Amino acid sequence: MFPSELREQEEDQVKEKKEVKTAAAANGKIDKIIDKYQGDASALIQVLLEIQRENRWLPKEALEKVSKKLEVPLNQIQHIATFYKAFSLVPRGRHEVQICLGTACHVRGGPRILDRVEEVLGIQAGQTTTDMEFTLETVNCLGCCALGPVMVVDGKYHGKIVPTEAEEVLKSCK
Ligand code: FES
């Protein structure tokens, strides 16, 4: 085996160990959240919100744990998790980017902002970057039309934004 192959193999093993550790830590945190409510089924949404906040999404194993510990049928939990926009059943990036394409933002250049952000991140709206850093979404109106076009990153609003500023905002997240 060449030294470079050996190094690659070692790097893969380190990465694997890291992933196992991360998964274990996440599992521990999920257990803690569920246990805090001591089997109280009425706290279901609160439990899901906390897991979502901690983990950035709701893995199936987490929903199964919640179902078992709170004694709520899994299909009922899945129904809630798909109904509310606050929950995600797929992994999400560390940074959440929303571009408004409501009418006011659309006419003021929202699509140009979206184009630039898609180009910079290398993904399309509705996707997450492979390094799990960014999730990009479009929204229909954020209720601040006078500021259009609007981009929101991790809850912070950037109004009257132009493509170059949007790029700068993304760079500042890294
Ligand atoms: S249309 Fe963008 S904030 Fe209303």
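My entries below cover a helix, a lysine and some aromatic rings.

**Ground rules.** I am working with a predicted model, where local features need pLDDT of at least 70, side-chain atom pairs count only at pLDDT 80 or more, and totals for chains, interfaces and linings use all residues. I number residues from 1 along each chain as its sequence is written, and side-chain values use heavy atoms, with hydrogens and water left out.

**Helix α3.** I take helices (H or I, at least four residues) as DSSP runs, numbered from the N terminus. In α3, residues 60-70, I found Ala62, Leu63, Val66, Ser67 and Leu70 buried. Viewed down the axis of α3, these buried residues fall within an arc of 140 degrees, so they line one face of the helix; I take the arc from the directions from the helix axis to the C-beta atoms. Buried means under 20% relative accessible area, exposed over 50%, and partly exposed in between (1.4 Å probe, protein chains only). Glu61 and Lys68 are exposed on the other side of α3. Just after α3, I noted a positive phi of about 55 degrees at Glu71.

**Lys174.** I located Lys174 in the segment after α7 (163-173). Lys174 is exposed, at 71% relative accessible area.

**Aromatic rings.** How many aromatic pairs does the structure hold? I found two. Rings of Phe, Tyr and Trp (its six-membered ring) pair if their centres lie within 6.5 Å; planes under 30 degrees apart count as stacked, over 60 as edge-to-face and the rest as tilted. Phe83 and Tyr84 have ring centres 5.1 Å apart and planes at 90 degrees, so I logged the pair as edge-to-face. Tyr84 and Phe87 are also edge-to-face, because their planes stand at 85 degrees, with centres 6.3 Å apart. Phe87 is buried at 8%, whereas Phe83 is exposed at 60%.

Notes. Helices (H or I, at least four residues) and strands (E, at least two) are DSSP runs, numbered from the N terminus.
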